[in-house]
Protein chains: 2
Amino acid sequence: MESFMIYMPIAMAVLGLIYMWVKQSWVMKQNAGDGKMKEISDHIYEGALAFLSAEYKLLTIFVVVVSVLLAIVSIVVPTTHWLIVVAFIFGAVFSAFAGNIGMKIATKTNVRTTQAAKTSLPQALKISFGGGTVMGLGVAGLAVLGLTAFFIIFFHTFMGASWTNTMDMTIVLETLAGFSLGAESIALFARVGGGIYTKAADVGADLVGKVEAGIPEDDPRNPATIADNVGDNVGDVAGMGADLFGSYVATVLAAMVLGNYVIKDMGGAITDAFGGIGPILLPMAIAGVGIIISIIGTMLVKINSNEAKEDKVMGALNLGNWVSIILVAISCFALVTWMLPETMKMEFFGEGLQDISSMRVFYATLVGLFVGAVISSVTEFYTGLGKKPILKIVQQSSTGAGTNIIAGLATGMISTFPSVLLFAGAIWASYAFAGFYGVALAASAMMATTAMQLAIDAFGPISDNAGGIAEMSEQEPIVRERTDILDSVGNTTAATGKGFAIASAALTSLALFAAYVTFTGIDGINIFKAPVLAMLFVGGMVPVVFSALAMNAVGKAAMQMVQEVRRQFRDIPGIMEGTGKPQYDKCVEISTQASLKEMMLPGLLTIGFPLIIAFVPMLFGMSTLAIAEMLGGYMAGVTVSGVLWAIFQNNAGGAWDNAKKSFEAGVMINGKMTYKGSDAHKAAVTGDTVGDPFKDTSGPSMNILIKLTCLIGLVIAPILGGHSAETDIDEVETIEVSENVIIEGTQDLNNKTETVVEMVKNDATGEVVANVEIRRTVNGETTIEEKSFRGTEEEVRSQLKDVDGIKIKVKDKE
Amino acid sequence: MESFMIYMPIAMAVLGLIYMWVKQSWVMKQNAGDGKMKEISDHIYEGALAFLSAEYKLLTIFVVVVSVLLAIVSIVVPTTHWLIVVAFIFGAVFSAFAGNIGMKIATKTNVRTTQAAKTSLPQALKISFGGGTVMGLGVAGLAVLGLTAFFIIFFHTFMGASWTNTMDMTIVLETLAGFSLGAESIALFARVGGGIYTKAADVGADLVGKVEAGIPEDDPRNPATIADNVGDNVGDVAGMGADLFGSYVATVLAAMVLGNYVIKDMGGAITDAFGGIGPILLPMAIAGVGIIISIIGTMLVKINSNEAKEDKVMGALNLGNWVSIILVAISCFALVTWMLPETMKMEFFGEGLQDISSMRVFYATLVGLFVGAVISSVTEFYTGLGKKPILKIVQQSSTGAGTNIIAGLATGMISTFPSVLLFAGAIWASYAFAGFYGVALAASAMMATTAMQLAIDAFGPISDNAGGIAEMSEQEPIVRERTDILDSVGNTTAATGKGFAIASAALTSLALFAAYVTFTGIDGINIFKAPVLAMLFVGGMVPVVFSALAMNAVGKAAMQMVQEVRRQFRDIPGIMEGTGKPQYDKCVEISTQASLKEMMLPGLLTIGFPLIIAFVPMLFGMSTLAIAEMLGGYMAGVTVSGVLWAIFQNNAGGAWDNAKKSFEAGVMINGKMTYKGSDAHKAAVTGDTVGDPFKDTSGPSMNILIKLTCLIGLVIAPILGGHSAETDIDEVETIEVSENVIIEGTQDLNNKTETVVEMVKNDATGEVVANVEIRRTVNGETTIEEKSFRGTEEEVRSQLKDVDGIKIKVKDKE
């Protein structure tokens, strides 16, 4: 029986998308300003579209290649269905479409914000945040819509829309993993390619424009100016959107996979009001409700006074954020108690089955919400203006760039301390409450407010762009002052948003990691096995090398930009006098091409390593279970090291940035007020140069690296794993055959199960008695189950065929 | 029966020490030069002694505190013997004594090298390398002497000098771990404290001297000059010596522990010509032979021509190094085939017992020698003058400090790629050849040439000092030219030496990690358990935070130095004119105090975290085995992340250093020769400022952090572990008692063994038949062993008491 609840998330997603459409129309109806403003805005819009269309071309090739690979896999591996290809393509298309909506609205909202800022700060906030809201709801709405729709389709296709067994549900979810893989692939392009784009354009514009030609930032005479502004949208809007789209989908998926294993642990089926799939539906339900809550949250973000300063704007955002977090907590309580059995059974590694009340699952969701809220404060502390770490970097700038760099590096490194303790505590606590299902639901609860988070995030670059347009179109100072207030708040939310993105990537990866282990059916991941330990090392190395490649990519792409800008300054007559027109599109094209080209190598590293680890040892005849464990070690290495390097790089970069910004208002160094242009400021600028690729390219790319690694693992899990629909019976051996007694043994190595069937036939009555001993070894503990059947031989054999879900191949007596 | 081979390593060590003494006397007899040279040299010598004596004071307190803690542990835990305290103290004293010898000879050799350089380069090399040889043999000789002597003492004490069983040998080796812990504790002070010292003095001297007062480096008017020169000895001589002393001892110890487990796997006893402990003696024998080989190697290091350049000197060092590596390979072959059984049995995780030929152990040692040789080339490639990565950093210096920094960071990060693949391959290969015993012997073989490596290492700072003395005492230019040749070669060997030190630390930690797992008797370390995974995260974070603390410590200590130098310039009349005498000792004191104070926090972090993880959960009643697994996860996290950060920081620092040095001879940038004093050079100097603490403080400290973490784990293993002398029988339950049948079950949870004893008494004859079923579950595989005894009840019960080493507590029938 199918439950109506399966359609609830879709309804919520559609509601969210309708609200998005309404909001979008409202924003588009706002005044887009006069000629020059409009012209600049159009340039940015067109540049963004140029990047998108170049990205889509490359993406199409990528999607086709991966689809073919997946199709081959689905042909070769019996448990992988070809529908995974369809899911993959739709995942990619949905994510790309969400990014498209976000980019378009962001590049349309910026100029309208500038126009509104001419008269009213509250209206400027309303418009810029409105643009962010459209972005947030687009991402969340499409993510939930796509995931839920495909779940329903596969649930109908593979299970006839009603519960059969966990094995069939595993196939549903495995196919669904294609959607998640598609979404995360787009994130690779948007986050990594976008990260390279934004910094290459920024550095290129600054090096030639500010340093060589001596013209100010955002000056329309600089051919790279438009590319620079496009970059803000490409990196901060589309990149962040695709990142969170990927996390959102992957988290819900992982929670569903683990929900399926809860049902398995409870005996293979449960009875509830939701067609027996309450634990699987719950994460989707939380995501669906989260959309509505986010809408409520965004409605609370407003200010009334035209004289408001940063604190009021920040307060408005905080109000919306906190209310949505609290509402999610309340709805988690309601949904958990409603949708889950009051008491569940969950298998705890090494501790066997335990009774877990639904309230404990609720506590796990609270852990997730706590992490989401606290990680932002931690990030804020290490990167916030006026905070101790920033003041220290400012002080260290007085002795030169060297000490400034050391201080920034040290700040980023030390910031891993509270962050990692927070994550470690969260893993521990949510696991203690409700096993890995708890960990995944903690992540789901945290991600429920994704739409709200994205709205807050996207509002920043929109305001930044609005300020740029005000500058380029030479508006009254009051306009820039107002956009600066929004921009300044946007800088803070950008940092905290990055913290949220890391936390989401970390928890998502853990959930995927847990799903991977259960999918493959391996007996845990034992790093005392040397090959697994070796892979842990290799996995730890990959984020470090990836970061270096990303940083080098920025350098290379920036150099191409520098040469193009120099060429235009040289070749276009009258460009410096404002009479010759710079070829903005050339610069946009160069950033676009260079960034997409330069992301190839890190991208290959991300995708190639897990595939090499999975398939090369296979050629040498290594057992798939041993490979699965090695790949698990690799995934753990990537996740641990990736999270560390993400925190380190993001926070160091953020800290350098704000240390530099501190000089704008002036800082007290050794008792003297020091301003822009001082030696200390120059040192701080050097620090910021190092920090830029850290915080905008390599740092955020770590999120994609770790999630994509774990997702690839999940998708190839069926090839390695032993949970396949037909149990692999590795050995069927007739141990003893006498006239009346047949002892048959089967050994299912994958599930660590040994089954011995002894059949005794009473020659007089013809009755057969079958004694079955099933010996399961889980984590070193062996449990023996005995069953007995009686009847005609045919009856008994028929009964034997489905003993507790384990298919026993009964050999006929020869 | 005791084998003479047990005394062989001691004999070799004593031979090495005698040769050291001869060499030392020879060096001391050389001409120590005239008045001014001698004066400066004496200042450096006294400064070094001042640091040592301050360090010893602190050390004494530390040793007393740890001894008390260890004593308490030995009282509380029955399997930890109080002799561990004695071993710990001696380990600390031996390592400190070795450092003392090295510091003294280094600070005496420098001036003699300067004096010799007045007339002859070959003689200058002979003296400076002679000083290095004294250092190398002092460290290696004392390490082998101490470790072997204590092994013999404990072997006599606990086993009466003949094989009893693996349990008793475990106690011997556990007690011996105290010696290793003592040695590594000294390394913490010498490497971390020394690393802070050397950079604080360096930065302090440069900032006020070169930058503020405008006087050249090594100018005798600078009060911090002596401290700077002392720092070279403290960091590069004593620090490196203590580091390798610790690795050396720990590696051999770990190999012995794993050798003991080989014997266990072979049935608990073997018969060979070495009293049945061949596999345990082998690592010591390799170390002993390695000393003699190193002596041969050092004898080959000489040049004949006074006109020789860097390549000849490097060639001489390479000759000595390669000959000793080849000799070690040959002697490993001889020792392995002689001392090991032709075929051994080793337990492979998840694969059960396997037959391993002694040749495979030899192959494992080759893997170690290969890693030691290749890692130096990798380091050389990423940090060597004229190599591609350095040239790239030089090019990137032309666009400013920011791009220089990014290029240096990226170089360090990318250098983790080949290094980690090398380590991962080595783990895999040596494990595939001969299990974790193979991994430990790979490390032992690599470490066999420690004396030679240290001689090469120590020769560098001696030559550096010799050059400084030549400068300060205003010698003829030819003297400085000759010492510069030696110094330049020394810079290369310093970088490759760091590579060797990391490789040794990495392999040592792995060997210790393996010893830890076997010591505790846990069933591997499964990172799919959430608490273990959480600790993997925490472990991964610690090296990052440690590095940041170490870098900040340099900054703080340098600031104190700056203030003192400023004060002296202000307060001492005539100091700049050379009429007033600077108070060198004040600066030395400040570096000393500051560095020892600043190393407290990182030291506490290193020691505190494993203790917290081990003991806090105990208070909450967590099972010791679960804690042991968590601690294992932590150790793995520290090792993986620590190795990565060590490679990253050392190579980035080395690369920046040589990028800066490239400007001295001039470099081609954008088609123009660029020299010292250019903007690009200034950018490179900034990079070097960042790189200095990387390569001399935080980078090398990682070695100590990972080894000490694993050693602490090993020392507390008995508290957590289940291998204790009396098997913990967790449950003795009389399952069924009827008149004639007694079924008793015991479950030894630690060894995953279940034993069921069924005794049937024949009432007629009084004879008892006991059927014993022992069910062992190792890594998910259960093996069942059945035994049967027959006799009177008393006889049977007596026989039952020692079934295959598992003590069964037989309950009397009540």
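This is a predicted model: local features need pLDDT of at least 70, side-chain atom pairs count only at pLDDT 80 or more; totals for chains, interfaces and linings use all residues.
For chain A as a whole, the mean pLDDT is 86, and 90% of the residues reach 70 or more. For the complex, the predictor gives an ipTM of 0.86 and a pTM of 0.87.

Chain A holds 20 helices and nine strands. Of its 814 residues, 63% are buried. Contacts within the chain were also sorted by the distance along the sequence between the two partners. Among contacts between residues at least 6 apart in sequence, 81% join residues at least 24 apart. Chain A is divided into two parts, with domain 1 spanning residues 4–720 and domain 2 spanning residues 731–800. The centres of domain 1 of chain A and domain 2 of chain A, taken over C-alpha atoms, are separated by 53 Å.

The arrangement of the two chains was examined next. Two copies of a chain are related by a rotation about an axis and a shift along it. Here, chain A is superposed on chain B by a rotation of 180 degrees with 0.0 Å of shift along the axis, and the RMSD is 0.1 Å. This is the relation of a two-fold axis. Both copies use the same surface, as 100% of the contact residues of chain A recur in chain B.

The contact between the chains takes 59 residues from chain A and 59 residues from chain B. On the side of chain A that touches chain B, at least two residues each are supplied by α11 (401–414), α12 (416–447), α15 (530–571), α18 (624–665) and α19 (679–720) of chain A. The largest share comes from α15(A), with 16 residues. Sorted by class, this side of chain A has 38 nonpolar residues, 18 polar residues and three charged residues.

Note on methods
Residues are numbered from 1 along each chain as its sequence is written. Chains are lettered from A and ligands numbered from 1 in the order in which they are written. Copies are superposed by least squares on the C-alpha atoms of residues with pLDDT of at least 70 in both. Two residues are in contact if their C-beta atoms, placed from the backbone, lie within 7 Å. Domain bounds come from an automatic or database domain assignment. Helices (H or I, at least four residues) and strands (E, at least two) are DSSP runs, numbered from the N terminus. Ala, Val, Leu, Ile, Met, Phe, Trp, Tyr, Cys and Pro count as nonpolar, Asp, Glu, Lys and Arg as charged, and the others, Gly among them, as polar. A residue is buried if 20 or more other C-beta atoms lie within 10 Å of its own, exposed if 12 or fewer, and partly exposed in between; C-beta atoms are placed from the backbone. pLDDT is the predictor's confidence in each residue, from 0 to 100.
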